[in-house]
4 protein chains.
Amino acid sequence: MPKITIEEFQEIARRSLTFMDSMGIHLEHIGTGEVTARARYDESFLRPGGTVSGPIMMGLADAAMYALVMSLIGPVELAVTTNLNINFLRKPLPGDIIATAKILKLGSRLAIGEVYIYSEGDEEQAPVAHATVTYSIPPRSL
Amino acid sequence: MPKITIEEFQEIARRSLTFMDSMGIHLEHIGTGEVTARARYDESFLRPGGTVSGPIMMGLADAAMYALVMSLIGPVELAVTTNLNINFLRKPLPGDIIATAKILKLGSRLAIGEVYIYSEGDEEQAPVAHATVTYSIPPRSL
Amino acid sequence: MPKITIEEFQEIARRSLTFMDSMGIHLEHIGTGEVTARARYDESFLRPGGTVSGPIMMGLADAAMYALVMSLIGPVELAVTTNLNINFLRKPLPGDIIATAKILKLGSRLAIGEVYIYSEGDEEQAPVAHATVTYSIPPRSL
Amino acid sequence: MPKITIEEFQEIARRSLTFMDSMGIHLEHIGTGEVTARARYDESFLRPGGTVSGPIMMGLADAAMYALVMSLIGPVELAVTTNLNINFLRKPLPGDIIATAKILKLGSRLAIGEVYIYSEGDEEQAPVAHATVTYSIPPRSL
């Protein structure tokens with residue numbers, strides 16, 4: 001069972017990832033080490049041609065990884081991103097984009113994961129972006 | 001002399017980098033291969049503690065590099081980011097953040113640069129983030 | 001069918017990736033968009049504790065991606081690496097390491113893929129490293 | 001004054017970075033937060049055209065950063081690389097390559113730096129590669 005629910009995550013996000021709301025990002029699914037998140041298509045963040053912009057994709061990757069870390073270790077609000085590497089692969093289709101995150105390593109100090117981003121309706125086919133994200137985890141009182 | 005002015009860049013950005021406006025990002029200086037850009041402190045994009053969020057820093061790095069490329073090759077609107085790698089180094093101070101971009105390589109197909117981000121009032125001291133950004137440049141009709 | 005055989009690749013590698021031989025790296029399997037490569041355990045490249053070093057893992061990731069590109073587009077010897085991002089996840093076990101590469105995007109100018117590296121005997125379990133690698137593909141006479 | 005001398009570093013490198021020797025890498029200068037390292041031109045690691053290969057550049061960047069960390073915190077042998085991101089910018093000239101490393105952040109748990117690599121005789125001009133490297137620092141007995 002994941003160590004945090006969608007509702008608990010959204011509550012934390014309202015305080016600590018306020019960009020999620022302004023970027024139209026929300027979680028769709030949280031399992032143990034499995035997260036799906038979505039960024040709604042929003043005209044204020046468009047690229048020419050009506051597709052979502054790079055910062056939305058980066059914000060989505062960051063938020064998905066934050067939720068992934070919490071699915072594994074619980075609501076550790078002070079976890080912070082230390083590195084994000086993203087390759088932009090294809091122009092997204094007009095419409096929402098969807099991210100799935102999976103863990104590569106969960107250590108006591110660092111969590112590293114990868115995030116695939118797809119255009120809605122094109123999942124599991126040609127990713128529009130791929131990111132690896134590292135979070136630093138604060139010392140835990142176990 | 002830079003191959004684009006701030007005004008020309010802002011005009012392009014209104015069409016092709018619409019996130020700049022929603023993120024409170026604008027150019028402050030453009031020289032040949034030298035760019036300074038700023039993200040205004042905005043409560044809707046805060047991290048806990050009143051500092052700017054990761055996506056703002058990533059958007060700022062991307063926009064500064066886009067302007068840098070245009071300072072060198074002119075208004076090539078179809079240049080697109082292919083890779084962005086960012087290390088988050090320190091929590092920014094509350095307030096604006098400022099980015100300076102410089103070129104590492106300008107080839108016929110790829111432009112690679114690095115961007116340092118500082119808290120306003122702390123420039124040239126301890127960067128809050130450092131990014132390397134790659135743009136793909138479309139074939140040019142010279 | 002892959003556009004290059006192991007034998008053809010090894011022939012090219014002898015000329016253009018001479019480090020493969022000095023690093024004890026060779027291909028084990030090449031399919032269309034699927035590559036497995038191995039680095040032999042070699043005492044001259046050890047980290048303390050008898051495990052392979054970072055440069056071997058980076059060389060292995062680079063070589064696996066080079067073979068992957070050729071499996072898709074044929075023996076394009078002048079393809080060059082433009083970016084490599086690697087996360088070191090765990091200390092390898094003493095012994096060989098094995099890389100599997102898969103493509104994220106094959107464009108006309110850039111090929112981007114990801115590489116997982118495992119300790120032999122521990123494949124499909126806990127990767128010791130994960131890399132994303134970008135190759136620039138020269139203009140092709142089609 | 002740097003917290004380690006070249007001699008002390010080379011002694012540690014013989015045990016813990018054995019690849020340095022096989023790759024012809026050695027330190028040339030160590031100051032506090034300033035390191036210069038060199039990779040000798042070696043025929044067994046060539047790319048076509050007689051230039052040094054990618055793995056040598058990656059090994060050189062890694063070694064320069066390891067020395068940089070020790071110049072700041074002393075001989076902490078158990079520091080390990082967690083991330084390396086490298087952009088290959090130009091084909092090196094035939095001959096040695098030289099790396100200079102500088103720190104971006106020295107924290108209690110992570111050290112992040114950047115490394116510029118030049119062809120000998122072309123320093124301070126057009127870098128052949130640029131890397132950012134993160135080391136994880138073990139808890140210290142202060």
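Two strands are taken to pair if DSSP finds at least two bridges between them, and in this predicted model that criterion can be followed down to single residues. In strand S7 of chain C, the bridge partner of C:Ile103 is C:Gly113. The strands concerned are S6 (residues 97-106) and S7 (residues 110-119) of chain C, which run antiparallel and are joined by nine bridges. Strands of a sheet pair through backbone hydrogen bonds, in either a parallel or an antiparallel sense.

Chain A holds three helices and eight strands, and, read from the N terminus, its elements follow the order α-α-β-β-β-β-α-β-β-β-β. Its C-alpha atoms fill a box of roughly 50 × 25 × 25 Å along the principal axes. For 142 residues, a compact globule would have a radius of gyration near 14 Å, and chain A, at 14 Å, therefore agrees with that expectation. Buried residues account for 50% of the 142 residues in chain A. Of the contacts in chain A with a separation of 6 or more, 67% are between residues 24 or more positions apart.

The sheet that contains S6 and S7 of chain C extends into chain D. Its 12 strands form an open, antiparallel sheet in the order S1(C)-S2(C)-S6(C)-S7(C)-S8(C)-S5(C)-S5(D)-S8(D)-S7(D)-S6(D)-S2(D)-S1(D). Strand S1 (25-31) of chain C and strand S1 (25-31) of chain D stand at the edges with a single partner strand each, so one side of each has no neighbour in the sheet. On average, and with direction ignored, neighbouring strands of this sheet are turned by 20 degrees against each other. Helix H3 (residues 54-73) of chain C lies across S1, S2 (34-39), S5 (80-88), S6, S7 and S8 (129-136) of chain C, as well as S5 (80-88) of chain D, and runs at about 45 degrees to S6(C).

Chains A and B also meet through their S5 strands: S5(A) and S5(B), the latter comprising residues 80-88, pair in the antiparallel sense over five bridges, with A:Ile86 standing opposite B:Leu84. The contact as a whole takes 26 residues from chain A and 26 residues from chain B. On the side of chain A that touches chain B, helix H1 (6-16), helix H2 (19-22), strand S3 (46-47), helix H3 (54-73) and S5 each supply at least two residues, and the largest share, nine residues, comes from S5(A). By class, this side divides into 11 nonpolar, 12 polar and three charged residues.

The same surface serves both copies, as 100% of the contact residues of chain A recur in chain B.

The contact between chains A and C involves 11 residues of chain A and 11 residues of chain C. Strands S5 (80-88), S6 (97-106), S7 (110-119) and S8 (129-136) of chain A each supply at least two residues of the side that touches chain C, and this side has four nonpolar, four polar and three charged residues. Chain A is superposed on chain C, with an RMSD of 0.0 Å, by a rotation of 180 degrees and 0.0 Å of shift along its axis. In chain A, the C-alpha nearest that axis is again that of A:Asn85, 3.9 Å from it.

Note on methods:
Residues are numbered from 1 along each chain as its sequence is written. Chains are lettered from A and ligands numbered from 1 in the order in which they are written. This is a predicted model: local features need pLDDT of at least 70, side-chain atom pairs count only at pLDDT 80 or more; totals for chains, interfaces and linings use all residues. Helices (H or I, at least four residues) and strands (E, at least two) are DSSP runs, numbered from the N terminus. Axes are lines fitted to C-alpha atoms, for helices over the stretch in contact, and angles run from 0 to 180 degrees between N-to-C directions. Two residues are in contact if their C-beta atoms, placed from the backbone, lie within 7 Å. Ala, Val, Leu, Ile, Met, Phe, Trp, Tyr, Cys and Pro count as nonpolar, Asp, Glu, Lys and Arg as charged, and the others, Gly among them, as polar. Copies are superposed by least squares on the C-alpha atoms of residues with pLDDT of at least 70 in both. The radius of gyration is taken over C-alpha atoms; the globule rule is 2.2 Å times the number of residues to the power 0.38. A residue is buried if 20 or more other C-beta atoms lie within 10 Å of its own, exposed if 12 or fewer, and partly exposed in between; C-beta atoms are placed from the backbone.
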